[in-house]
Amino acid sequence: MYKELLPMNHPTRINRRRFLQMMTAGMTGTALLSACQPGAAPSAAPDAAPAANSGAAAAAPRSEWVTGNIPADLSATFKYTGWEGEAEMRKWLLHFDNFFKENYPNVDVQGDWGVPWGDYWTKMPTQLAAGAEIDLMWMHDSRAKTFAANGWIIALDDFLASFTPPGWPAEFYPSQVSAFAYNGKQYGIPYDFASGGLYCNLDLFEAAGIELPNENTTWDEFLEIAKKLTIKEGDTTKQWGVVGLPTNWSGGAYSVVKTFGGDYWNADITQSMFDNEKTIAAFQYLADLIWEHGVMPTNDMLAGMGFTGDSGVLAFGAGAAAMAYSLNDGAFVFQEAVEGKFKWGFAPTPRGENQFYFTGGSAFSIPTSATQPELAYELMRYTLTNPATLPISGKMGSQFTGNMNFYEFGLPLDDWGVDKEAFKQVFYTLPRDHGIAPAYHPKYLEWETSIFQTYMDPLWVGEERNAAAACAKVHEATNALLEG
Amino acid sequence: MATSTVESKRKTTTTRNQRLGRSRQQRKRIGDLIAFSLLTLGGIAMLLPFLWMVFTSFKSTAEIYSYPPKLLPREFLWSNYIDAWTLLPFNLFLRNSATVSICVVLGQLFTCSLAGYSFSRLRFPGRDRFFFLYLATMMIPFAVIMIPLYVQMRWMGWVDTLWPMIVPAIFAPWGTFMMRQFMSTLPRELEDAARIDGASFFRIYRAIILPLTKPALATLGIFTFLGSWNDFLWPLIIISSLNLKTIPLGMQAFQSRMPLKTPWELVMAAATFAILPILIAFILGQKYYVQGIVTSGIKGGG
């Protein structure tokens, strides 16, 4: 307030010019002072640990899990993307953390995981087509060939040849190794193995006096078993013989078609085989289970019984279905659904003139736009083929690991009270030896949504009872697609 | 005699009119009853999913899967809201959605009102052609431009930031069209008077046009806010970091955290959180929203 009373030319009264002069002098002085500070000291402390590490790394041999081409003090960003949620990511995060801490402590690892399945397959093609700098991505066998054909992921052959992973490829499931190969090149290292089989209510089998299906049970014998286990009261079915056999899921249905002796297309995928009588017979059999024999329900029928959402699991867990088809990781869900209400076991899916079981799985792949492809390969090799990490992955995950020799870590837990040997036989041994992955090709996804599901769905909802008619439409459209 | 005939005719006419009037009133009442009944049924049908969502957010997992399904929970589990808020960084999702939506709304209000005024009032060569060309871009589906847009964002170094969700969204052909249509209905005399008084283009825009277009601005703001708040596809593609996700992406993350068993009660609680700002915005701007839709559609041309 007193300054208001001072005359304008009073020394203590600052005008604009004086103010600017003082500010300029102050800033110049500050800049000079800061330039006089001893250099490098501020960065000495943070760099001490990495410097010590690189020094130590230079003196000690590098880990067997690195090629040595990438400097240990690499400072870069490593990005990965996947669809798996927290439950499955725990093991990967653990392995990634250990790998980078030990070998590349200065690398900033950024993960975008937990992207929902459907959204992941919208996001990834868009990002990869636009050249997004993603170094590692989760890949599924149903999409691998599409991504490879589009040049979105790189072939790993050079890496595999120069820095071969332990046990590659002999110790990996043959169906999965080939599922991630395209035109003679390898595009992914499988990280898991999924197989299909039957979960059985042993109490219901015992009450009916029926033996469990085994690997020699035919589809006709299976039908008789399902009929004996189906209980109807008037028009209402109180107990279904079987739920969940693959129908509108083309991947699972493929194994059924193959057991009948049919196929989706010829060997070089240029001609549809939906006009093949054995292919048609397989789909007719599945449709007849629902509409002719009434031993297998649709999801709507299960919803009518109050089983919504995971209807097959809920029906089995409630004792309303004697057999349920699912994959090996379904055991965790069935365990919770059954909750000790009855004894349950496992049986293989029937055979026809051939013996096949559904197999599938996922892998890690390296996008073409990766900024650190060699680093990504080292990480893949460490995580997926390391005898030290594989047991951890098996125990912490819900699937078998990609390496066959570590199957034991994917078996049910002892306290579940189930026959582990039977599980091993149904979900590991038989699929390992007779597993078949669907005949994926670059146009498979387009075929599945626009042709298979479009023309086969009427068969599963009752609008069409004749599989030959539905298959004829699929045949015509498939040939048009394969020619195009 | 003639008087009594006229009177009796008048009485007959009056009685007939009274009867007609009463039957018209009755018809109107019946019509109103039917209309209100249908509207009530429609309102219940619209409201039921929201009620289901809110009540499900208070249930336990077992109650959600129980059969037959029950609307009301046995016990109101308020802990579901705490879990939904803390399981994932929901506060960050809310912050990101709010930041993006508010920036886009403010940006669109400015650009669309300015462009709408220019297209409706300024005369320059090719004005109408430019306008139609600008509108024609609305016909291009987003799926067609999302890859080139991603490439552009990558070139600008904006991948995995909030900028791609804000900057491209600031320019909206639909908003420009709506503002242009509304501004075309404003009397030119006001501008002429202002121009005579020496007002510049921006002075007229700011002091005269904008105050008169409040309903249209409110409508545009609400639509833009809704669209931006609920946007899923573009944020899905451009955002990778968890702490930059918006609410729609965050809610998807609830399902992906437990792939075998989705915590639906937490998803519903998160959905209730997500819907509250939209509800508030709509309630506050409802008057302008309805007024804006009605008024902007009456007259066209410039």
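**Helix crossing, chain shape and chain contact**

The crossing of H4(B) and H8(B) is right-handed, meaning that the near helix is turned clockwise from the far one by less than a right angle, anticlockwise being left-handed. The model is predicted: local features need pLDDT of at least 70, side-chain atom pairs count only at pLDDT 80 or more, and totals for chains, interfaces and linings use all residues. Residues are numbered from 1 along each chain as its sequence is written, while chains are lettered from A and ligands numbered from 1 in the order in which they are written.

**Helix pair in chain B**
- H4 (residues 90-121) and H8 (residues 173-184) of chain B pack with axes 7 Å apart at an angle of about 50°; helices are DSSP runs of H or I with at least four residues, strands are E runs of at least two, and both are numbered from the N terminus.
- Axes are lines fitted to C-alpha atoms, for helices over the stretch in contact, and angles run from 0 to 180 degrees between N-to-C directions.
- H4(B) and H8(B) are therefore oblique to each other, the class left after under 35 degrees (roughly parallel), over 145 (roughly antiparallel) and 65 to 115 (roughly perpendicular).
- Residues of H4(B) that meet H8(B) include B:Gln108, B:Cys112 and B:Tyr117, and those on the H8(B) side include B:Met179 and B:Arg180; contact requires C-beta atoms, placed from the backbone, within 7 Å.
- This contact of H4(B) with H8(B) involves six nonpolar, seven polar and two charged residues; Ala, Val, Leu, Ile, Met, Phe, Trp, Tyr, Cys and Pro count as nonpolar, Asp, Glu, Lys and Arg as charged, and the others, Gly among them, as polar.

**Overall form of chain B**
- Chain B has 14 helices and zero strands.
- Its radius of gyration is 28 Å, whereas a compact globule of 302 residues would be near 19 Å; the radius is taken over C-alpha atoms, and the globule rule is 2.2 Å times the number of residues to the power 0.38.
- Along the principal axes, the C-alpha atoms of chain B fill a box of roughly 95 × 70 × 35 Å.

**Contact between chains**
- 19 residues of chain B are in contact with 21 residues of chain A.
- On the chain A side, H4(A) gives the largest share, five residues.
- That side of chain A comprises eight nonpolar, nine polar and four charged residues.

**Backbone in chain A**
- The peptide bond joining A:Trp168 and A:Pro169 is cis, with omega about -10°.
- A:Pro169 sits in the loop between H6 (157-162) and H7 (174-179) of chain A.

Conventions. Two residues are in contact if their C-beta atoms, placed from the backbone, lie within 7 Å.
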